[in-house]
Amino acid sequence: MNAPAGLRHRLQHFASSLDPTLLAALGALSLIGLITLYSAASDHPGNFGGQLRNFLVAGLVMLLCASLSPRVLTRAAVPVYGIGLVALLAVLFAGVSVKGAQRWLDLGFTRVQPAEIMKLGVPLMLAWYFDRRAGTVRSIDFLFAFVLVLVPVGLIARQPDLGTALLVLAAGFFVIFFAGLPWRWLIGLVAGCLAALPVVWTVLHDYQRNRILTLLDPMSDPLGKGFHTLQSMIAIGSGGVFGKGWMQGTQTHLEFIPERTTDFIFAVYSEEFGLIGNLVLVLLFFVLVARALAIAGHAATPFSRLMAASIAMILFTYAFVNMAMVSGILPVVGVPLPLISYGGTALVTIGMACGMLMTIQRHRKLVQS
């Protein structure tokens, strides 16, 4: 009788130690995501059932990561990064091609996208690297850190998957920046990127160049390359202040919005819930990111601080890029909206990230006392 009672006590203690603000924001965003997906996938009910399973798996992964100690995450950094690199190399030689992109590995029972691993593998590795050099970081360390980032970014860009490559690059850059990147380096990087733009333009695929040109003038090909952007902008505008109502979006249910369950689900949400709904969504993402930054500010170790801060900025980048892409502010790069877009691998990645935030917060007082 004592064993179950002891286990119950430990579970209650664990549940009470989870961050309530983080859980509330995640719960509200998840509910919005399921409600929106139900409408967007009304003609494909299997997608809604699949997303429920995805949320269940992501929730279990989040709780598993939250139950681990930051020391376990520190020890896992190098293996996760190494496995991610090996998987990316495997994609080059034995990957599954879908719609002209070779991004997946077929494991028999499921398909996985190794690039998703590196969204957390890269910041984990860099946080471990700078934690080992806390207080003695030199210029050569920043240079080596950039190499650790650029190797997986290059492999992902070759698939081609420019959107994920940019997200992994951003995730790595955030860790390097928070590790104390000198401003002269930052200014030099900006200048170098601007100078390299003509070269980058020449190596982009045709469809990638077309996306940028379409952003500048979507009306140049309204029924072709500009169709995605124009239809999503029409849906957002037609929602008005209060929206057309749940399940009442005409652009959605007349199938004018492309990829409406994944990359362009924000257009579905905007049409049905309007400006007021968008303000609520932005506020929830703000709470999520702000809480993650607060956790980073009170973290006990350099590793925990860098990891939490990078996760906060990753969540911000996901949300900002997707909303800006759907609104016609940025080119279409295939970035999902966290907790809203349909997709298993991306959702599990978000679950892992939020679990890491929870364990960093949960061990803050334990380590400092």
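Begin by selecting R291 and D19, which form a salt bridge whose closest N and O atoms are 2.6 Å apart. The two residues sit in distant parts of the chain, 272 residues apart, with R291 in helix α12 (residues 265–297) and D19 in the loop between α1 (2–17) and α2 (20–40). In this predicted model, R291 is partly exposed at a relative accessible area of 22%, whereas D19 is buried at 4%.

Next, select K244 together with E271, another salt-bridged pair, with 3.1 Å between the closest N and O atoms. This pair, too, links distant parts of the chain: K244 lies in the loop between α10 (227–238) and α11 (250–253), while E271 belongs to helix α12, 27 residues apart. K244 is partly exposed, with a relative accessible area of 30%, and E271 is buried at 0%.

Move on to R260 and E255, whose side chains meet in a salt bridge at 4.0 Å, N to O. Here R260 is buried at 14% relative accessibility, whereas E255 is exposed at 52%. Then select R133, R138 and D141, which salt bridges with shared partners join into one network. A search of the whole structure finds six salt bridges.

Finish at T164, which lies in helix α7 (residues 162–178) and is buried, with a relative accessible area of 5%. Its side chain makes a polar contact with the side chain of D161 at 2.8 Å. Leaving aside residues up to four places away in sequence, T164 touches Q113, A115, K119 and I156.

Notes
Residues are numbered from 1 along each chain as its sequence is written. This is a predicted model: local features need pLDDT of at least 70, side-chain atom pairs count only at pLDDT 80 or more; totals for chains, interfaces and linings use all residues. Side-chain values use heavy atoms; hydrogens and water are left out. Helices (H or I, at least four residues) and strands (E, at least two) are DSSP runs, numbered from the N terminus. Buried means under 20% relative accessible area, exposed over 50%, partly exposed in between (1.4 Å probe, protein chains only). A polar contact is a pair of N or O atoms within 3.5 Å; within protein, one must be able to donate a hydrogen and the other to accept it, and residues adjacent in sequence count only if both atoms are side-chain atoms. Contact means heavy atoms within 4.5 Å.
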